[in-house]
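Subject: A structure for you to look at

Hello,

Here is the structure I promised to pass on. Please open it first, and then read my notes below alongside it.

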Amino acid sequence: MATRFAALCVFAFVSGGALAQGNDCGAIQGHLTQRKSIADSLQAGGKKKLDPKVACAGFNKLVANGAGIIKWLDANKEWCQVPDTFVEGIKADHVKAQEIRGRACNVAAKMEQMEKQAKSGAGGGLLGGGGLTGPTTLPQGAL
């Protein structure tokens, strides 16, 4: 992910002369370390598909982290002399993470809704039962 490259750029930048100005320009390091950790956990599955519920929770964390980084950048960009290209990259990553989060959370919500329907028997299965897992009732009366 481009986040790793951006994090390395900021680590190199913040450890330079910007710290000598007295402002806490190194405070962004914690956010970037956390961002890298979240991204690594999302990519840990490798080729295996990531569960939508896990992906939704992970991207919620990533989006919250990105919002914190953007807030810090808005407040400290000039003082800490953060390059515009870095800010643009973080903002683009943030938008992409929001889009992916939206898709993952939509899929997770649909899966949860389908699971609830399957458990409640609202699926309307064959012969009026609850589908494959629900009971099937036989008509009452003279047979």
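Asp-84 counts as partly exposed, because its relative accessibility is 46%; here buried means under 20% relative accessible area, exposed means over 50%, and partly exposed lies in between, with a 1.4 Å probe and protein chains only. Asp-84 forms a salt bridge with Lys-77, with 2.5 Å between the closest N and O atoms. By salt bridge I mean a side-chain nitrogen of Lys or Arg within 4 Å of a carboxyl oxygen of Asp or Glu. Lys-77 also forms a salt bridge with Glu-78, where the closest N and O atoms are 3.3 Å apart. Glu-78 counts as exposed, at 64% relative accessibility. Through shared partners, salt bridges join Lys-77, Glu-78 and Asp-84 into one network.

Before you go further, please note that this is a predicted model, in which local features need pLDDT of at least 70 and side-chain atom pairs count only at pLDDT 80 or more, while totals for chains, interfaces and linings use all residues. Residues are numbered from 1 along each chain as its sequence is written, and side-chain values use heavy atoms, leaving out hydrogens and water.

The structure holds six salt bridges. Another of them is between the side chains of Lys-36 and Asp-40, at 2.9 Å from N to O. Both residues lie in helix α2, four residues apart, which is about one turn of the helix. Lys-36 is partly exposed at 36% relative accessibility, and Asp-40 is partly exposed at 27%.

Helix α2 covers residues 28–43, and its 16 residues reach 23 Å from first C-alpha to last, close to the 22 Å expected at 1.5 Å a residue. (Helices are DSSP runs of H or I, at least four residues, numbered from the N terminus; the expected span is 1.5 Å times one less than the number of residues.) The buried residues of α2 are Ile-28, Leu-32, Arg-35, Ile-38, Ala-39 and Leu-42. Seen down the axis of α2, they fall within an arc of 125°, so they line one face of the helix; the arc is taken from the directions from the helix axis to the C-beta atoms.

Ser-41 is also in α2, and a polar atom of its side chain lies 2.7 Å from the backbone oxygen of Ile-38.

What does Asn-65 touch? Asn-65 sits in helix α3, residues 52–80, and is buried at 4% relative accessibility. Leaving aside neighbours within four places in sequence, Asn-65 is in contact (heavy atoms within 4.5 Å) with His-31, Gln-34, Arg-35 and Ile-38. Its side chain makes a polar contact with the side chain of Gln-34, at 3.0 Å; such a contact is a pair of N or O atoms within 3.5 Å, one able to donate a hydrogen and the other to accept it, and residues adjacent in sequence count only if both atoms are side-chain atoms.

Lastly, the nonpolar cores: sets of buried Ala, Val, Leu, Ile, Met, Phe, Trp, Tyr and Cys residues joined through side-chain atoms within 4.5 Å. The largest has 12 residues, including Cys-25, Leu-32, Trp-72 and Phe-86. Helices α2, α3 and α4 (84–120) each give two or more residues to this core, and α3 gives the largest share, five residues. Apart from it lies another core of eight residues, among them Leu-42, Phe-59, Ala-97 and Ala-104.

Best wishes
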